[in-house]
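Please open the model in a viewer and keep the selection panel at hand.

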Amino acid sequence: MQPLTNRSKLVVKKEMTFIEKLYLPAIFTGMIITFKHLFKKSATIRYPEQKREFSPVYRGLHVLKRDDKGAERCTACGLCAVSCPAEAITMTAAERKKGEENLFREEKYAAKYEINMLRCIFCGLCEEACPKEAIFLTDRIVPSEFERNDFVFGKDKLVEKVDDRVDVTKRQTSAVLDFKQNKKLSHNK
Amino acid sequence: MEDFLFKVILVVALFVVSLLVAMYSTYGERKISAFLQDRIGPNRAGPFGLLQPLADGVKMFMKEEIIPNVSNKALFILGPCIAMTTALMAGVLIPWGGNIELFGKTYSLQVADLNIGVLYIFGVTSMGVYGIMIGGWASNNKYSLMGAIRASAQMISYEIAMGLAIIALIMSTGTMSLKEIADQQDAALANFVYQPLGFLIFLICSFAELNRAPFDMPESESELIGGYHTEYSSMKLGLYLFAEYINMFISSAIIVTFYLGGHHFPFQNEINEALGLSTNLSTALGTVVFFLKIFFFIFLFMWVRWTLPRFRYDQLMRVGWKSLIPLAILNILVTGIVMWMNGKLN
């Protein structure tokens, strides 16, 4: 029969020689191998202090973007919730009142917007579905919590702070921009 | 009276040092295992994780104490106590250094110099198996019992080879006092030069006596879920684990005393004279060297643990009964013949 790979070795069951039966040389070789590892660099990344470098398209903790003037972009259309395969997103819409123009970009906004981080599978479909470029996945890690409820992230944790913007340009690779452009065009027709 | 006071202080110091070394052996074990596996190990509690043993101890004390309903309560509590007591008892016979001069009197850094020291050590260390056996039996759990049975079978089998290896040593040194065995190696070469096979057998048997890998059958986490201490929790478990590390420290000290010259080291007198050290300082130097040797053996125990996989039970018994015991007997024979040829037998 033709071997699948060239890596297969013929196993021979032969009697061990006296030296081999002593096992001591083999043990000694093994111990030298482990001893060498004493001086090897460890592969550990000390997480909170050191962070692994993420790929530019890493999909981590979500952010709800504001526009240039600091108004929330989300209009609570619900497309993200519909597209979400894990059904992690819930929201309640509300109408913008007079005098809130600087807070919300359009007449409708999300009064409540919650993502359950335990349900979320970080697929990024919400980001793809969003017509307003309001939700993005970032290269931040969802922090660990002690309580189940604390993993339901509300607007207080999701919406970016006015004075502390989250940079998502790293995720805007040319392929992504192309895709968004096409979507925009078809959407406008 | 002063003598007595000094002995008491020495015993307390010994107790503290044993516990301290055992404590930091747990830290060392975790660090060394980490380094051997290209990891970092504990590094959160204190600088370099140096307070980790304290944190572990606090954790052990705070844990809920569970005594199984079906267990034999008295024996269940007695088990870890025996393990701990016997572990701490052997230390008194080891000569931890030479003499020190205090207030114009000379004291020896050995608590008791019995002329049957070797026998005492064997008696005490073999008592350790009772702690394991009683603990495993009292738990009333089949895994614990299996672990205890394995432990006792293993320890008894390997004690024979160990004793036979020691007989050859006693033949060549002509004494059973640990102090004399250590001091003989000052003038002459260390004993492992004369007894290489005996040294090897003794070392292998020490691994088995300590229940350390590759002879960690009694514990074998993967098959017996911890073996004899499956049912133990809180500080009772802590005592078992602690006793194991104290045993490791003491048996390293015994190996060093028997075969590697104890607190003596090559060119000791020359170095002392060259540096012009007083009695106390040279004793301190000897003790430091003694501890360095002990730490090397503790490192060796850990190094081997993280290198070799566990023996199968039948392999373990085969090595013990069919290899080590015949080899030990051969060692006695060869020692006897060599002594006869050198005219040391009369």
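Select A:Lys13, which is exposed because its relative accessible area is 85%, and a residue counts as exposed when that value is over 50%. This structure is a predicted model, and every value in this tour is computed from it. Along chain A, A:Lys13 belongs to the segment before α1 (18–22). How far apart in space are A:Lys13 and A:Asn149? Their C-alpha atoms are 60 Å apart, and the two residues are separated by 136 residues in sequence.

Next, select the whole of chain B. It contains 13 helices and two strands. Chain B is as compact as a globular protein of 346 residues, because its radius of gyration of 21 Å is close to the 20 Å given by the globule rule for that length. Along the principal axes, the C-alpha atoms of chain B fill a box of roughly 60 × 50 × 45 Å. Of its 346 residues, 53% count as buried. Among the contacts in chain B with a separation of 6 or more, 79% come from residues 24 or more positions apart.

Now display the surface of chain B. Colouring by charge shows 21 positive and 23 negative side chains in chain B, with the centres of the two sets 9 Å apart.

The remaining stops concern aromatic rings. A pair of such rings is described by the distance of the centres and the angle of the planes. Over all chains, there are 24 aromatic pairs. Select B:Tyr24 and B:Tyr27: their ring centres are 5.9 Å apart and their planes stand at 70 degrees, so the pair is edge-to-face, a label that applies to angles over 60 degrees. Both residues lie in helix α1 (residues 2–36) of chain B, and because they are three residues apart, about one helical turn separates them.

Move on to B:Phe290 and B:Phe291. Their ring centres lie 6.4 Å apart with the planes at 75 degrees, so this pair is also edge-to-face. B:Phe290 and B:Phe291 are both buried.

For the last stop, select B:Phe199, B:Phe202, B:Phe258, B:Tyr259, B:Phe296 and B:Phe297. Ring pairs link these six residues into a cluster.

Methods
Residues numbered from 1 in each chain as written. Chains lettered and ligands numbered in written order. Predicted model: local features only at pLDDT ≥ 70, side-chain atom pairs only at ≥ 80, totals over all residues. Heavy atoms only, no water. Helix = DSSP H or I, 4+ residues; strand = E, 2+ residues; numbered from the N terminus. Rg over C-alpha atoms; globule rule 2.2 N^0.38 Å. Buried < 20%, exposed > 50% of the residue type's maximum accessible area, 1.4 Å probe, protein only. Contact = heavy atoms within 4.5 Å. Lys, Arg positive; Asp, Glu negative; His and termini not counted. Charge placed at Lys NZ, Arg CZ, Asp CG, Glu CD. Phe/Tyr/Trp six-rings, centres within 6.5 Å; stacked < 30°, edge-to-face > 60°.
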